Amino acid sequence: MFELGGYTPIIIAAMKNTLLVGVSAMVLAVVFGLLGSWAKVAEKFWVRWLANTYTTVVRGVPELILLLLFYYGFPQLVQDLAESMGYELLIDINPFLAGTLTIGFIYGAFCTEVFRGAFASIPAGQAEAANALGMSDFLIFRRILLPQAMYFALPGLGNVWMVLVKATALISIIQLDEIMRMAKIAANATREPFTAYLLASLLFLGITAVSMIGQHFLEKRAAKAGEH
Amino acid sequence: MSMEMIAEYGARLLDGFWVTIGITSLSVLIGLMLAIPVALMRLSDYKVLKWPSYAFIFYFRGTPILVQLFLVYYGSGQFRVELTELGLWQYFRGAYFCAVFTLTLNTCAYTAEIFRGAIKSVPIGVIEAGRACGMSGILLYRRVILPQALRIAWPAYGNEIIFLMQASSLVSIITLLDLTGVARRIISETFAVYEVYILVALLYLIITYILAFIFKRIERYLQRHNKALS
């Protein structure tokens, strides 16, 4: 079905890059999400303001604009600033880095909301009890809050991952060799664009399907762990 | 960016804004009309109705919109001869048609899934009461189930429309001059990269929150019987 003049294995191999960007961006998004959810309930006013601005702006602007802004706009801005100070500078961002950072940054905003809800569902008495036992703030976070928040956050994080993986298709426009870009190259070379993009879409569908099964399995395990 | 530049390119950005709004509204309207039958098919007991709708929803929710867009816009070229014979090529050669076609199918799948959940969560007692009053089939759906389902689905559906509006920025990649497309065109002429992108990002932000505000008002209207929420 997918002959594509020998391009099929190349497109399938490009899945590795899609998953690599996806997983790295997801790790980054979780870190941003934890920081963001902490900042949303911080005591300092400006920290809360920063976190709220982050989630408001990121969720209100299309991913494509943010990606273009980061990949093309940011280097230009730095170069212009350097030039105005009398330096000659040429910045070239690595597409993998730009893609991972942008997607991680965007989905960090969604993770922030997920974690905020998760931390809010842990009864306040638990942290107080741990405090009474003499645990430091960090220890309370590591031993009491984080494990439970992760359990509450699991369904939400699974949904973020599913949307995030699909968003990685966007970074093909900044020339990273993932599924979409390879499908495009194959489409142009073989003149069979439908076959090439159908294959690409089925690969994404495969990732989504496996993720759904994985999410189901993880949630069942977490539910079991929660019983004890 | 200077004031003169904003004045000079403002008109073009406004054109782009209307393209964005046009594509989004068309897709949302047609998508909604298609989504209700698809959701009902998905809930049907008959496998011939259930499975095609399940596969449709699974495919469009499980693949990136960008791939779907390329599949329709570039992919249709592979079937040019067949499409010409059917008299459809004149539509599929145009980027605007392909954009609306793809976004419609995409939002249809997401909307059908939202409505499926909403229809299922209409309390059974309400449906039984409707039956007891002698309503059947279509009348029951039209007067009892669908209005209640709309109320339940509304917050999620509002988010879907906002997501679709943002996703419509992807049509700039298939050469359309929506808000993003105009921005990219202006940048290629002026090299004012970050100024234009930041301006356009702000415009999207404003559209998003205006839409969110409107949907919130409609939600309040739909929930007007519920004093605790309004």
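Reader: Hi! In what order do the elements of chain A run from the N terminus on?

Author: They run α-α-α-α-α-α-α-α-α, where helices (H or I, at least four residues) and strands (E, at least two) are DSSP runs numbered from the N terminus. This is a predicted model, where local features need pLDDT of at least 70 and side-chain atom pairs count only at pLDDT 80 or more, while totals for chains, interfaces and linings use all residues. Residues are numbered from 1 along each chain as its sequence is written, and chains are lettered from A and ligands numbered from 1 in the order in which they are written.

Reader: Thanks! How many helices and strands are in chain A?

Author: Chain A has nine helices and zero strands.

Reader: And what box do its C-alpha atoms fill?

Author: Along the principal axes, the C-alpha atoms of chain A take up roughly 70 × 55 × 25 Å.

Reader: Switching topic: how many residues of chain B are in contact with chain A?

Author: 29 residues of chain B contact 29 residues of chain A; a contact means C-beta atoms, placed from the backbone, within 7 Å.

Reader: Which elements of chain B give two or more residues to that side?

Author: Those are α2 (47-62), α3 (65-73) and α10 (193-222) of chain B. The largest share, 10 residues, comes from α10(B).

Definitions and conventions. Contact = placed C-beta atoms within 7 Å.
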